[in-house]
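Subject: Structure handover

Hello,

Here is the structure I promised to pass on. Please open it first, then read the notes below.

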Amino acid sequence: MRHKTQSVLSVQGVTKRFDGLVAVSKMSFHVAAQEMVGVIGPNGSGKTTMMNLISGVYTPSEGGISLHGRQISNLPPQHICREGIGRTFQLVRLLPGLTVLENVKAGAVFGHKRRWGRDADQFALEMLERVGLEGQSHAPISTLTYIDQKRVELARVLAGEPEVLLLDEWLAGLNPTELETGIQLIHDLRDEGRTVVMVEHVMDAIRSLCDRCVVMSSGTKIAEGTPEEVLSDKEVIKAYLGDDNA
Amino acid sequence: MQIIDILISGLLLSGTYALVAMGLNLQYGVARIMNLANGEVLVFGSLAAFWLYTSSQISPLLTILIVIPISFIGNLLIYNLLLAPLVRRSKSRGALEVDSILATFGMSFILIGIMTSIEGGFFAYKYLSEPIQILGSTTSLSRLVAFLIATLIALVLYLWLNKTRSGVAVRAVSVSTEAAGLVGINVPRLSAVAFAIGGAVTAVGGALISTFITLDASIGVVFTLKALIIVIMGGVGEIRGAIIAAIILGIVETTVATLVDPGLTLAAAYFIFVLILLFRPQGLFGRRNT
Amino acid sequence: MKASTVQELIIAAILAFLAALWPLVVDIYWLGIGVDVMMYVALATSWVLFSGPTHYISLATAAFFGIGGFLVGSGMSDYEASFWSMAALSACVGAVLAALIGLATLRLSGVYFVIFTLGLAEMIRNLVSWIQNNFLGSRGLYVFTDFTDKHLYWMLLGVAVAVYLLGWIISRSRLGFALRIIGGDETVARHVGIDTATVKVILFTTTGFFAALVGAIIAPRWSYIEPNQVFSPQLSFFVVIMALLGGAGRLWGPVVGVIPFLLIWNWVDTNFPNQSILVLGIAFLVIVYFLPHGVVGRLEQLRIWSRTLK
């Protein structure tokens, strides 16, 4: 099915059931090239499940997900990565026992560019610089602060040169100073013209970064539009704060 | 008729298998300990029954009453002294599994060593071995009694897990240790108790099985394997699943032993295991995780 | 497992050369011990190749080893095949079996794999006995060759060197990097594009290959192959304990573990033959609790610690 918009990533009628529990129900949205789309909603609304569906951790029970028109819903994570989708995790996942540089290099070696040797090392260093961690390449990851750990993970994702970036609550758990740095980093990603889907709770970030927002509640989409439109929508306010506040 | 013989025999055997599998379910599903020494605990129960019967004429059924508290305390000590430190030091569930596998593996040798010094050879005895008729098929009374007692204990376990507060707490821990902790359940203490009960149940299974099977100190691993296969086939933590899986294994094993060769029962269990791995690794009733 | 260095390779080459001289300078008794050591070094190193980085504990060594011994025994006495052809066949059968086991279990969590390998040797022994009794007729598996302990020693040394070399090459390749990532976090491994199941199966196949080859090579030593002997679970446990004692984090960890363990075991078996199994269990526990990364791991910890003091 061809779409009129230049959508890079297409989620069409996706439903995900876990033994009777419906986590995601008939979700549809599209992400156009170079767009930054925010996926927001109260806790338990199925946002991370949605991320897991896109990155291949889960397979949809119904519906499909496509990248440039190609169905990716049934592919395992390693194939989806090679297709060009990279993601960060809600709780940072770094590789213990490997140095910072090796952690970043991991993203470059097995992706669709398959770098190796000096080329991979060099590229990993460049990614570390991009996220502001130059000079840390041989630090053991146990000594890193939380924001630095997140930066390493981001560098690893960038090292895979992904077409679409999935950021799963990347700004969560940061103190005010770290948050500023983090938002600035994502700003830079935006300026580079990257295509990003971000699940977030930090509303300031959503407002300043996203072109469009998709709001989820109890597994379904309840609103879609610009951040201003969506954040003043009655249904959205009701979902977050309850009936009395709408 | 041979089919009836096989079915009855297999069903009676599965009663004891189901009991042992329930013990392992408590240890793995709740306490998260992959206990490779499970079979040795079973043999310990058998040895106790054998020893008390041959030396003091004490009926294995009475021995069960002695075995329960002793193995409960023994397993509790094992958990608190040897396994709890591993739980505390493990950084991830995967690391805990590797550590508990190695630790219980080592424990199994220690148990084998202790048992070999008590009774180095094979041990068997005759208790309630009079033949009886069930639906036209001949079997021994001991097998029927073992089946009935196993069923009784399984029923008690089932009622405890589903109708009492402590039982519900145990089931909560098997679903999620974090969530259980958040609602005020003392997860470490409950894990220890679950592990101890699991061990006690397994030892009882051993005492029961010794009334109709010849054992020796080194046969534990075969029972560990079969219990593990039943637990996985039924779905970790699933009681109903363990019962059905035990019945399947009991009947398949008896079929192979009767129609092909009694030395191939382990191979029969493996055959089932491979099918599970290929087609339904989460087990019959298990939930699929990622 | 960290990537091995050229320095390590040079040291390994020197050690291998020195080891090759062993049969020329010692008497029969020490040569016999040397054969044991070489056998376990080969087995433990090939074990570490797979189980070290992935943390999937394989208890299947005896299964492959037994197949090697059994095929050589059966091929030579029942079918008049040559030793070399049966040894080659054993290695291939070992590899194929490992691949099949890997395909069945390595897509899943490590627990399934450990359980599968736990009873594997026992189960194959049962199968082999059954086949032997019902289809092969002859009960006697005799292996008559001209090989002396000297030849066996050098053959096993060759296998040990080959395993080490393979491990060295892998650790510096993409495959080795993928392995380390899998051992770090398998979800991350998949998300960076690694086909985790395939990588694990490939590595496990090498373990099966070499374990079966070792089993085939050592068969002439016994002259008569008894299934109970070649499929002995004790072998699997020894291999694991030696590898863990030395340290599964380094390719040469097992070498460090084999010799001390064999010496201690010989002493225990001679002086306390009835308690040897008990000792085995206690040794296991000591390693799990006090030497989780083996002797090598402890030494490295001490080295880092002493460095921070400076």
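Two residues are in contact if their C-beta atoms, placed from the backbone, lie within 7 Å. On that basis, the contact between chains C and B takes 29 residues from chain C and 34 residues from chain B. On the side of chain C that touches chain B, the elements giving two or more residues are α4 (83-105), α5 (110-118), α6 (120-136) and α14 of chain C. α14(C) gives the most to that side, with 8 residues. Helices (H or I, at least four residues) and strands (E, at least two) are DSSP runs, numbered from the N terminus.

Some ground rules. This is a predicted model: local features need pLDDT of at least 70, side-chain atom pairs count only at pLDDT 80 or more, and totals for chains, interfaces and linings use all residues. Residues are numbered from 1 along each chain as its sequence is written, while chains are lettered from A and ligands numbered from 1 in the order in which they are written.

Confidence
pLDDT is the predictor's confidence in each residue, from 0 to 100. Chain B averages 87, and 98% of its residues score at least 70. Within chain B, helix α8 (residues 187-209) has the highest confidence, at a mean of 92. Strand β1 (residues 131-134) of chain B has the lowest, at 78. Where pLDDT is low, the predicted coordinates should not be read in detail.

Core
A residue is buried if 20 or more other C-beta atoms lie within 10 Å of its own, exposed if 12 or fewer, and partly exposed in between. A nonpolar core is a set of buried Ala, Val, Leu, Ile, Met, Phe, Trp, Tyr and Cys residues joined through C-beta atoms within 7 Å. The largest one has 282 residues. Among those with the most contacts inside it are B:A21, C:V214 and C:I241. The largest share of this core, 15 residues, comes from α8(B).

Helices in chain C
Leaving aside neighbours within four places in sequence, C:I241 is in contact with C:F261, C:A283, C:F284 and C:I287. The axes of α12 (residues 233-246) and α14 (residues 276-290) of chain C come within 10 Å and cross at roughly 35°. Axes are lines fitted to C-alpha atoms, for helices over the stretch in contact, and angles run from 0 to 180 degrees between N-to-C directions. From α12(C), the contact uses C:F237, C:I241, C:L244 and C:L245. From α14(C), it uses C:L280, C:A283, C:F284 and C:I287.

Now α10(C), residues 196-222. Its 27 residues should span 39 Å at 1.5 Å a residue, and its end C-alpha atoms are 40 Å apart, which agrees. The expected span is 1.5 Å times one less than the number of residues. Of the 27 residues, 21 are buried. Just after α10(C), C:S223 takes a positive phi of about 65°.

Most residues other than glycine have a negative phi. A:R114 has a positive phi of about 45° although it is not a glycine. A:R114 sits in the loop between α3 (100-109) and α4 (117-130) of chain A. It counts as partly exposed because it has 13 C-beta neighbours inside 10 Å.

B:I4 lies in helix α1 (residues 2-30) of chain B. B:I4 and B:L135 are 131 residues apart in sequence and 7.7 Å apart in space, C-alpha to C-alpha.

Best wishes
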